[in-house]
Amino acid sequence: MDWDGIQEKLQILSDAAKYDVSCSSSGSRRANQKGGIGNAACSGICHTWSSDGRCVSLLKILMTNYCIYDCAYCVNRCSRETKRAMLTPEEIADITIQFYRRNYIEGLFLSSGVYQSPDTTTELLIRTARLLRDVYHFNGYIHMKGIPGTDERLIRELGQYVDRLSVNIELPSSAGLRLLAPQKTKQSILLPMRAVRAGIAERQEERKKSRKVPAFVPAGQTTQLIIGATPDSDRTILRLSESLYRHVSLKRVYYSAYVPMLHGPGLPELRTPPLLREHRLYQADWLLRFYQFTADEILSDDMPDFDLHLDPKACWALRHPEVFPIEINRASYHMLLRVPGIGVQSARRICAARRQAWLSYDSLRRLGIVLKRAKYFITCRGRYYGGHTGQGEIRRHLLQDEGRSRYEEVDLFSGGTI
Amino acid sequence: MNYEYDGTFFGFLSAVFDAWHDGIEKTENIRTQGELSLFDQPRFVPSDPGKARRILEALRKQCGGRASHFLYYAFMAELPGREEALLLYLRLAFHYKKEFLHHLSDEPVWAVRQMARRTGNERHKLLGLLRFRELSDGMLYARLAPSCAVVPLMAPHFVSRFPGERWVIHDIRRHMGVLYENHTLSLIEIPRTLQELSLSRDEQGFNHLWQAYYKTIAIKERRNDTVRRSFMPEKYWPWLIEDAKHS
């Protein structure tokens, strides 16, 4: 094996892939088949954390960073002078299997620049996936990119082999797309997404009749939005995510703070990536998916952007003093979820425990509920333990806790970028 | 009355069985053999799989499988004073029976679940952080020094993942390990003095590839050591292939 050559290619192609944030390996329970290697753990498993604190669970590389497109925000755009490389399907499959055996990774996340044409690129992706599944009998996790502009038939074929497919929207509005990625259109992005959704829905119907029908993209599809490359407000982004969850049944939307490493007309002059804004978007995204919030409750037209000092759930609670405090022994699960500091786990635990006992403040503590923030919004057996009832006072206390957040420390140097 | 056992899970359950037989009200404590005792003559209970199974089976029937899962995982956390907490847990379990697991706000139940969570969390983390090296005879070898006794709990995961391989996971703190060979899994003792490992021809090449990948995948504009350390505590770093300290 030509170790040096492979190492150089791997470095170029993982360097080019690192701005794609998705790295999860959850949602699929592919079992090991006789004579094969690997399986998929439904919970997902992180295998290491890189020095930026992001988890690494998949071998995340591009097949090639040659690209026919010239999107202004992208490091792989064709007009940029950079080292280019390409890995063959055989090389990718071999590295994946050898990394997997040593338990470095959960599987492969293969993306690619658009090589010659979207269809040619997708055909090469399909060859890699087939090689892994049919020749190596690999049953681990495979995540691949749907290339915008690919024929629907090819997307359907790719979906047979992979656990997850994703098509990146990148720019949250058509205006941004026209400005920074003029060769792509909203249609060319949405088309493969719809094809995947239709494929998943059809196969689910068939699987109701017979469990033997193989799953189609069992871990669902995801997408990524870049934050801060265009002037779109947080509300625009959040509403886009909400409609993607509702109408295209996406599993997840990832947000990626724009890292300013390129310069050009149309690109904003940032000094550092807007990490705190990205963090707030993730918090709001969780509120949409697990906390029964709607986008309009979180942000409104008068307030289109996040309060960077306080998380969106606490902001909602402070805006609705008429709702709080709620009685912990009576409130519905839905309302418990709205208390700052109480998450899905805690809310479930409270619901389970109060079937057996009339909960007191101390018993909440024994349940492992963190009351530091929650105490301002609840009563236990009718008693209020917050001490402060004024909204301003509560806000001040919540801010003190937030000041110690671990995402804050990076953001101290961001100056006036957000 | 005080009881002593050999330190194994089945040994502990056998002691519980005898304590129950003698009258649980009179039981003061159950200890591992050899712990210092000044005032009493403890009774040693040898490990008896039959007795242990009867306790486990009763617990599963009366309180559900999750109750025995918590019991086992909490024991494997190997925290000091675990016997007392587990004994209280079992007494409550056989008292409340079906509703038992809902009694979350009862201290003993909560304490045991916390201990079980420690084991479960460490097991899950190490399923990812474990690194196999390929030896010259094709066997995969991994080394760990976990706080809880998680190695036997991790083995089934790798059995279903690598059924066609031969592998060993070595717990260097407890001088034991699991060996998977010819489709059978066995618990083995591993001597303290080990001969040098002879690695396969390609092993170093893939190590270097992985180290290079690990360095490149980080975005340096986003460096955040606090978050990395909280997800991946430094105590696990010595057993990784990637050089986390210098990247």
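Student: So axes are lines fitted to C-alpha atoms, for helices over the stretch in contact, and angles run from 0 to 180 degrees between N-to-C directions. At what angle do helices α3 and α4 of chain B pack?

Tutor: About 170°, with their axes 10 Å apart; α3 covers residues 65–76 and α4 covers 82–96. So α3(B) is roughly antiparallel to α4(B) (an angle over 145 degrees). Bear in mind that this is a predicted model: local features need pLDDT of at least 70 and side-chain atom pairs 80 or more, while totals for chains, interfaces and linings use all residues. Residues count from 1 along each chain as its sequence is written, with chains lettered from A and ligands numbered from 1 in the order written.

Student: Which residues make the contact between α3(B) and α4(B)?

Tutor: On the α3(B) side, B:Ala67, B:Leu71, B:Ala74 and B:Phe75; on the α4(B) side, B:Arg82, B:Leu86, B:Tyr89 and B:Ala93. Contact means C-beta atoms, placed from the backbone, within 7 Å. By class there are 7 nonpolar, no polar and 1 charged residues (charged is Asp, Glu, Lys and Arg; nonpolar is Ala, Val, Leu, Ile, Met, Phe, Trp, Tyr, Cys and Pro; polar is the others).

Student: New topic. How many residues does each chain put into the contact of chain A with chain B?

Tutor: Chain A gives 50 and chain B gives 45. On the chain A side, the elements giving two or more residues include α1, α2, β1 and β2 (helices are DSSP runs of H or I, at least four residues; strands are E, at least two). The largest share of that side, 7 residues, comes from α1(A).

Student: And which classes are on that side of chain A?

Tutor: The residues there split into 22 nonpolar, 17 polar and 11 charged.

Student: What do the buried residues of α7(B) pack against?

Tutor: They pack against α1, β1, β2, β3 and α2 of chain A. Among the buried residues of α7(B) are B:Phe206, B:Trp210 and B:Tyr213 (buried means 20 or more other C-beta atoms within 10 Å).

Student: Ok, what domains does chain B have?

Tutor: Domain 1 (2–122), domain 2 (130–199) and domain 3 (201–247), with bounds from an automatic or database assignment. The centres of domains 1 and 2 of chain B are 29 Å apart over C-alpha atoms.

Key
Buried ≥ 20, exposed ≤ 12 C-beta atoms within 10 Å, placed from the backbone. Contact = placed C-beta atoms within 7 Å. Parallel < 35°, antiparallel > 145°, perpendicular 65-115°, else oblique.
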